[in-house]
Amino acid sequence: YTKCAVSSSLQEHSIDHPFLPKVIQSDTSDQDYVLFKLDIDSPKVEAGNIDYILKASKETKIDELFWEHHIAGNYLMTEWGNPESLDNITLRESYTNFLTM
């Protein structure tokens with residue numbers, strides 16, 4: 001386990017701020033079974049990673065994906081307040097993303 005700041009795009013990828021799909025691509029082989037769980041609690045970072053995974057699914061080598069999508073209006077988010085970054089993320093968008101998977 002290593003705690004680090006994770007990048008939200010491939011362009012921001014570095015050793016200190018890895019972009020998770022890039023790490024998975026470089027550290028796994030086609031023979032590996034890759035189960036990826038994403039729960040960063042940062043809508044911007046999660047969205048960047050998920051958008052990339054959905055668009056480049058074959059290149060990511062991910063066989064199974066588990067993801068807690070943070071959306072506006074989620075009653076569980078009340079303890080954290082209602083971050084402005086969630087204002088435009090709806091349940092409909094979440095449903096569409098999960099259908100795409």
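**Note on a helix contact and its surroundings**

1. The backbone oxygen of V45 lies 2.7 Å from a polar atom of the N49 side chain. The model is a predicted one, and this distance is computed from its atoms.

2. N49 itself belongs to helix α2. Its relative accessible area is 0%, so N49 is classed as buried, the limit for that class being under 20%. Leaving aside residues up to four places away in sequence, N49 touches V6, S7, S8, F19, L20, P21 and L38.

3. Two of the residues touched by N49, L20 and P21, also take part in the packing of α1 against α2. Helix α1 spans residues 20-27 and helix α2 residues 43-55; they pack at an angle of about 50°, and their axes are 9 Å apart. The two helices are therefore oblique to each other.

4. On the α1 side the contact is made by L20, P21 and Q25, and on the α2 side by N49, Y52 and I53. By type, these residues comprise four nonpolar, two polar and no charged.

5. Y52 also has an aromatic partner: F19 and Y52 form an edge-to-face pair, with 5.2 Å from centre to centre and 80° between the planes. A search of the whole structure finds one aromatic pair. F19 lies in the segment before α1 and Y52 in helix α2, so the pair ties together parts 33 residues apart in sequence.

6. F19 is buried, because its relative accessible area is 1%. F19 is also among the residues that N49 touches.

Technical notes:
Residues numbered from 1 in each chain as written. Predicted model: local features only at pLDDT ≥ 70, side-chain atom pairs only at ≥ 80, totals over all residues. Heavy atoms only, no water. Axes fitted to C-alpha atoms, helices over the stretch in contact; angles between N-to-C directions. Helix = DSSP H or I, 4+ residues; strand = E, 2+ residues; numbered from the N terminus. Parallel < 35°, antiparallel > 145°, perpendicular 65-115°, else oblique. Contact = heavy atoms within 4.5 Å. Nonpolar A, V, L, I, M, F, W, Y, C, P; charged D, E, K, R; others polar. Phe/Tyr/Trp six-rings, centres within 6.5 Å; stacked < 30°, edge-to-face > 60°. Buried < 20%, exposed > 50% of the residue type's maximum accessible area, 1.4 Å probe, protein only. Polar contact = N/O pair within 3.5 Å; in protein donor to acceptor, adjacent residues only side chain to side chain.
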